[in-house]
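Hi everyone, thanks for having me.

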Amino acid sequence: MQAENLTEVARSKSYQDIPVHLLCTLPRLGATLSLLRDIRSHRLLDIGCGDGSGCVLAGQVTEAHELYGVDISLEAVELARSNGVRAFQVNIDDNDLPFDDHFFDVILALEVIEHLYNPCLLYTSPSPRDR
């Protein structure tokens, strides 16, 4: 399947039809929250935030004052917003994140890397224009 077709499939997913435990498996989420328990955050970003539930849990653990999320799916973004996350629709394979550098003190990207067309770019460059 070509990259543009994968993007369309991701955009068409219905997050309301998929239970959150299938989007982010509980053992990995639990391990992540355990790692975060000694971290305090002012602003937390969840890349691939889905419905925002993982972001909210991470925010509770880190006592974050502001929760932000990005997701490729507009439906997911709307659900995240309804859960109190300042969410934005962004395809991180093709677009910059809509935030200034060093804006966040905690950034999560759980269950995301396997969905990226070129996952190395998530770790090698701060923005697509620098690639």
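Before I start, one term: we say two strands pair if DSSP finds at least two bridges between them. Keep in mind, too, that this is a predicted model.

Okay, so let's begin with strand 1, residues 43–47. Strand 1 and strand 4 run parallel, with 3 bridges joining them. If you look across from D46, you find L108 of strand 4 standing opposite. Strand 1 also has strand 2 to pair with: those two are parallel as well, joined by 5 bridges. There, R43 is the residue that faces E66 in strand 2. And how covered is strand 1? It's mostly covered, with 4 of its 5 residues buried.

Now let's follow the chain. Strand 1, helix 4 and strand 2 together form a β-α-β unit, and that unit is right-handed. Helix 4 covers residues 53–62, and its buried residues are G54, C55, A58, G59 and T62. Looking down the axis of helix 4, those buried residues sit within an arc of 135 degrees, so they line one face of the helix.

E63 belongs to the loop between helix 4 and strand 2. Is E63 buried, exposed or partly exposed? Partly exposed, at a relative accessible area of 48%.

H102 is another one to look at: it isn't a glycine either, and its phi is positive, about 65 degrees. You'll find H102 in the loop between strand 3 and strand 4. H102 counts as exposed, because its relative accessibility is 80% and the cut-off for exposed is over 50%.

Let's go inside. The largest nonpolar core has 15 residues, and among those with the most contacts inside it are L44, A58 and L108. Which elements give two or more residues to this core? They are helix 3, helix 4, helix 5 and strand 4. Helix 3 gives the largest share, 3 residues.

Back to L108, then, the one opposite D46. Leaving out residues up to four places away in sequence, L108 touches T32, L36, L44, L45, D46, I47 and A58. There's also a second, separate core of 10 residues, which includes I47, V70, V90 and F104.

That's my tour, so over to you for questions.

Key
Residues are numbered from 1 along each chain as its sequence is written. This is a predicted model: local features need pLDDT of at least 70, side-chain atom pairs count only at pLDDT 80 or more; totals for chains, interfaces and linings use all residues. Side-chain values use heavy atoms; hydrogens and water are left out. Buried means under 20% relative accessible area, exposed over 50%, partly exposed in between (1.4 Å probe, protein chains only). The arc is that of the directions from the helix axis to the C-beta atoms. A nonpolar core is a set of buried Ala, Val, Leu, Ile, Met, Phe, Trp, Tyr and Cys residues joined through side-chain atoms within 4.5 Å. Contact means heavy atoms within 4.5 Å. A crossover is right-handed if, with the strands pointing away from the viewer, the path from the first strand over the helix to the second runs clockwise.
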